[in-house]
Amino acid sequence: MTTREFKTVGTQVRRLDADEKLSGRAQFTGDLEVPGMAFCKLVTSPLPHARITRLDASRARALPGVYAVLTAAELVNMETHYGSDKKDRPVVAIDKVRFQGEPVAAVAAVDLATAEAAVELVEVEYEELPTVTGIDEALDPAGEPVHESNVCHEYSIGWGDVDAAFRECDHVFEDTFEFPMVYHYAMEPHTCIASYEPDRIRLWTSAQHPFLVQAEIARLFGRQLDQVQVVVPFVGGGYGSKSYTKIEPLVTALSREAGRPVRLALSVDEAMRTVRRHAARGTIRTGVMNDGTIVARDCVGYVDTGGYTDNGVRVTERFGDRMPGPYAMPNLRVKTYGLFTNSTPAGSYRSIGGPQAIWVCESQIDMIAHALGMDPFEFRVKNLVREGEEVRRGRRPIEGDLEYALRRVADEFGWDGWTPEPTPPGVKRGIGFACGVTNSGASPTSTSLVRFHADGSATVYIGSAEMGQGSRSVMAQIAAEELRIPYEKVRVVASDTSAVPWDRSTGSSRSTTLMGLAVHDAAIDIRQQLLDLAAEHFEAFPEEIEAEDGRASFKGESVAFAALVRNLFGGSGGELMGRGYVTPKHPSGKLRQDPVFWEVSIGAAEVEVDTATGEVRLLRYYSISDPGKAINPKQVEGQDEGAAMQAIGHTLFEEMLYEDGQLLNPNLVDYRVPVFTDLPDEFETVLIESGNGPGPYGAKGVGEGGIVCVAPAVANAVFNATGVRISTLPLTPERVWRALHEAGQASG
Amino acid sequence: MSEAQSLVEMTFELNGAPVAATVEPQTPLIDLLRERFGLTGTKRSCDVQVCGACTVLLDGAPVSSCTVPAFEARGREVLTVEGFAAGEDASPLIEAFVNNAAFQCGFCTPGMLLAAKSLLDADPAPSEETIKDYMRGNVCRCTGYKKIVEAVHEAAEASR
């Protein structure tokens, strides 16, 4: 068989959602109206840690226009707690509150103004408990327990004999690094409309994992899966903040009380008290030989998961998995802990545990290289795992040549021979590098259905939520390619659990690889049916038929696919259905090992440090993206650039500040996110296509890698410029100035 | 909410057509647009005039409709993304956003388009620095901004 050239895969097609999103017609959950819909406002705890001693909603319930008030007392004839790994989150607070802003009650009313007025009438009395703020207080054995204990989860991996290796190596380095709590700021705050009805529950919600929400709601309310419909309209940014189940149980329970659909649209303030990224501390000991060979690493890490587990279990584990870095490691010991504190529950955020882990790993790698007098780039290359070797024992070997990837970025950045341009007095320039690999893809389980219509067009059914990544266009490209029809003939129906087949989730860079494979297989299923029909038509063997541009041909004659379908049904209508099942046992054999793939992350930064003010300016940043095969190259770049820009935020200024359990900056004035003027002068994604991913055409996931390496690359560049090492993020002018001042490097 | 309010009766031009409305003094423009006129392309996000998702043009100048009182529109021209996209001069900017992958989730996009339009109306050939400075009141959390800058450039060139 001759190699066929791709028609739509690898090209920049017009996004399927372009016309809706560029005209204001695109509907997000908050744009929907459901007849009879009531409006919800939350009664939240002003205290970070307290027992609820009295709750009286009678005055609120008596207010005209109030349909219902949900309190713990109403959580009857249902399960009361939910959560992805540990079901420790009550639908509304029961007896105790564990973070400031935790909902203790919720009001449904005829309009928002009435709901707001009713919130003021709900009387709640608290008995204050000592507050647990931050990792140190969570670790204090004499501290107040947030749950039964303040340890949410423990995780360890390792092999070899770390202690013996430390005794025998030439140097052992030990350093500790801190990563702040940060907020996703998905511009659409969490929004949900729930309609609890006698025979079914319907939800329209800004959720990344519609089928996990469906299963959670079914379990909570004792319904069958087929009685729960979860529809996810366009999602206004996710980045992990809308993973698993968030406000949906509360809104559903309130709808049950109100006897009508209820909408809750959070404010930014409330969203910041719904989910955040885990703050982290990592202490890492590394044993090296004089020639720069790493022989052992011992990593101890803590992540602050806040008042409830949310995704704290997996984040604790990924932080541990990712901290040792992409290096060959004969001896390794990793121990990580997830800790409860009185703060916003922490969950998934783009590359869970990844930026925290690589911040620790790559800051120290740079310090070791400096101490050994080696070029930090060559020190990394010397210790990298090689293609086909295991990054973590017993797991999928690394696919792709990391050294090649590192050298590509270094070359394009101009690492070798870099010299700083002249700068004014007190201003210093430096360059820094970082790299990491992250185990991605979540679990390899997705399904898809493709319908091939009697006019030669097709509809693809996927569970993936569209939150900006462009999944619908990518799925349409894959389907068009495999159906041998033009991209313009494919439409996509997505993320409605009553219409589309099951998918695990939208996250962990998994959709193109796994849902893509399901769509690919479903389209091939249909193509095979078309070839069989064409073989019958031409009285030939299916293998002898050529399929292209919506037609099947044999020996110079051709017939339209559409005609084959119509002929099958003996009239003008009919359609073919194709299915794709992706499981760990997928016939490709590529999904048997964990992880689904390793996502590569590399960053090279040039900074300018004003030693008088401590201001760090990121002048140039080069990142890498290896999608295996870029099905839509500009969207791949866009994922990488967007991820890197978010990381510029947590590197230079983003941080949720808590004092005594009170969030000090719950708004976008005090919590600053990157804006246009934070765009570096050069901001480049180096695209490589290693072609060895487990997805269709060798594709693998991207979208998270870009967020991982910015912080260590920038801090390493600040060190290169000033000789001062900063081990706590973000690199605010004040923090940098203080560090320079202490080192005698501040000017002015 | 039950206290007597001094309601404001007003007429203004909305997306090129004359309209009338009666509003409470504290009603922000975004509520009037979304709830009364069903123009849900204007998005609510930060509520404190930082993010720009609620940007509309008032007499051609960008304003944050989350904080501008609705009565400020009295006798003036309001352009929302729906009106902009239906207009004849929208195509270069819209096509440039498509070609450059300058949108992802689309939540900031209506405000972003209107901010870009008002920039290009004022300066048909803006420099990169001008684009960044002018548009810094519009946050995008998805794209990383670079592709939006490129799109505005391309639209400027296409319109010339």
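## Basis of the model

Residues are numbered from 1 along each chain as its sequence is written, and chains are lettered from A and ligands numbered from 1 in the order in which they are written. Because the model is predicted, local features need pLDDT of at least 70 and side-chain atom pairs count only at pLDDT 80 or more, while totals for chains, interfaces and linings use all residues.

## Domains of chain A

Chain A is divided into domain 1 (32-129 + 188-236 + 241-271), domain 2 (279-441 + 595-742) and domain 3 (443-582). Such bounds come from an automatic or database domain assignment. The C-alpha centres of domain 1 of chain A and domain 3 of chain A lie 39 Å apart.

The contact between these two takes 14 residues from domain 1 of chain A and 14 residues from domain 3 of chain A; two residues are in contact if their C-beta atoms, placed from the backbone, lie within 7 Å. On the side of domain 1 of chain A that touches domain 3 of chain A, helix H6 (210-221) and strand E13 (228-231) of chain A each supply at least two residues. Helices (H or I, at least four residues) and strands (E, at least two) are DSSP runs, numbered from the N terminus. H6(A) gives the most to this side, with 4 residues. By class, this side of domain 1 of chain A has 9 nonpolar, 5 polar and no charged residues. Here Ala, Val, Leu, Ile, Met, Phe, Trp, Tyr, Cys and Pro count as nonpolar, Asp, Glu, Lys and Arg as charged, and the others, Gly among them, as polar.

## Domains of chain B

Chain B has two assigned domains, domain 1 (8-80) and domain 2 (84-159). Their centres, taken over C-alpha atoms, are separated by 21 Å. In this pair, 14 residues of domain 1 of chain B are in contact with 12 residues of domain 2 of chain B. Strand E3 (55-58) and strand E4 (61-64) of chain B are the elements that give two or more residues to the domain 1 side.

## Contact between the chains

Chain A contributes 45 residues and chain B contributes 40 residues to the contact. On the side of chain A that touches chain B, the elements giving two or more residues are helix H1 (18-21), helix H3 (112-121) and helix H16 (633-652) of chain A. H16(A) gives the most, with 8 residues. The residues on this side of chain A divide into 22 nonpolar, 15 polar and 8 charged.

## The largest nonpolar core

The largest nonpolar core has 286 residues, and A:Ala479, A:Val714 and A:Val718 have the most contacts inside it. A nonpolar core is a set of buried Ala, Val, Leu, Ile, Met, Phe, Trp, Tyr and Cys residues joined through C-beta atoms within 7 Å. A residue is buried if 20 or more other C-beta atoms lie within 10 Å of its own, exposed if 12 or fewer, and partly exposed in between, with C-beta atoms placed from the backbone.

Strand E20 (residues 458-462) of chain A is largely enclosed by the rest of the structure, because 4 of its 5 residues are buried. Strand E19 (residues 446-453) of chain A runs antiparallel to E20(A), joined by 4 bridges; two strands pair if DSSP finds at least two bridges between them. A:Arg451 stands opposite A:Thr459 in E20(A).

E20(A) also pairs with strand E21 (residues 490-494) of chain A, in the parallel sense over 5 bridges.

Most residues other than glycine have a negative phi, and most peptide bonds are trans. The peptide bond from A:Asp594 to A:Pro595 is cis, with omega near -5 degrees. Another cis peptide bond joins A:Leu729 and A:Pro730, with omega about -10 degrees.

A:Tyr185 has a positive phi of about 40 degrees and is buried, with 24 other C-beta atoms within 10 Å. A:Asp549 has a positive phi near 50 degrees and counts as exposed, with 12 C-beta neighbours inside 10 Å.
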